[in-house]
Amino acid sequence: HKATSPRFEIVFAGTFSAGKSTLINTLLERKLLFASAGVATGTECYVEYAQKQDDEKAVLYFFSKTEIQEQISELCKILGLADGVKLDLPDSIQNLRTKAKEIEDHAKAIGNLAVSKQAELVLQLLTGFEENKENIQNNPIKAINLEDAKHHVKFENAAVFKQIKYYC
């Protein structure tokens with residue numbers, strides 16, 4: 001079936017910061033996927049052909065609040081932050097943000113990149129949750145135009161996306 005189908009799949013895989021998104025953007029001759037120096041996103045992305053320009057869009061699939069809470073709790077255990085966070089309480093989020101930032105700064109200062117990255121991921125999850133709270137809780141699948149996607153799909157939000165599908 002795959003040999004005769006007009007649709008085909010190309011998979012790009014590699015380590016973080018290997019240039020996968022930059023390569024895909026170059027092949028598509030447009031800046032579609034978020035790319036940056038360092039880790040941009042570990043989110044699974046699909047790019048599909050849209051029949052017409054009017055059909056161009058990005059569909060964002062968010063992790064649930066429970067999944068985000070579980071990720072944060074797991075990272076808190078690793079970082080020695082036993083109390084975790086209650087995502088319904090802004091003070092709890094701010095308290096964890098302060099602690100995670102302190103750990104990140106200290107880990108960077110002593111050259112412990114693994115701990116620094118884990119603390120940074122906690123910060124990304126908190127920021128992503130706060131910026132996308134309404135979608136995460138009420139509309140976990142959101143279609144937006146490609147121009148808006150360029151501004152929405154960024155490093156700070158990357159941790160809360162389960163998957164992104166681009167149609168162009």
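What follows is a short tour of the model.

A bit of housekeeping: this is a predicted model, in which local features need pLDDT of at least 70, side-chain atom pairs count only at pLDDT 80 or more, and totals for chains, interfaces and linings use all residues. Residues are numbered from 1 along each chain as its sequence is written, and side-chain values use heavy atoms, with hydrogens and water left out.

Let's begin at Ser21, which sits in helix α1, residues 20–28. Helices here are DSSP runs of H or I with at least four residues, strands are runs of E with at least two, and both are numbered from the N terminus. Setting aside residues up to four places away in sequence, Ser21 touches Leu33, Phe34 and Ala35; a contact means heavy atoms within 4.5 Å. Lys65 lies 44 residues from Ser21 along the chain, and their C-alpha atoms are 27 Å apart.

Now for the core. The largest nonpolar core holds 35 residues, and the ones with the most contacts inside it are Ile68, Ile72, Leu87, Leu96, Leu126 and Tyr166. Two or more residues each come from β2 (57–62), α2 (65–79), α3 (90–110), α4 (113–138), α5 (146–152) and β4 (161–167). The largest share, seven residues, is from α4. By "nonpolar core" we mean a set of buried Ala, Val, Leu, Ile, Met, Phe, Trp, Tyr and Cys residues joined through side-chain atoms within 4.5 Å. Buried is under 20% relative accessible area, exposed is over 50%, and partly exposed is in between (1.4 Å probe, protein chains only). Take Ile72: beyond its neighbours within four places in sequence, Ile72 contacts Val85, Leu87, Leu96, Leu125 and Leu126.

Back to α4 itself. This helix bends by about 80° at Asn132, where the bend is the angle between axes fitted to the seven residues ending there and the seven starting there.

On to the strands, which count as paired if DSSP finds at least two bridges between them. β2 runs antiparallel to β4, with six bridges joining them, and Val59 stands opposite Lys165 of β4. β2 is also joined to β3 (residues 141–144), again antiparallel, by four bridges; there, Leu60 faces Lys142.

Cys45 is partly exposed at 32% relative accessible area, while Cys76 is buried at 1%.
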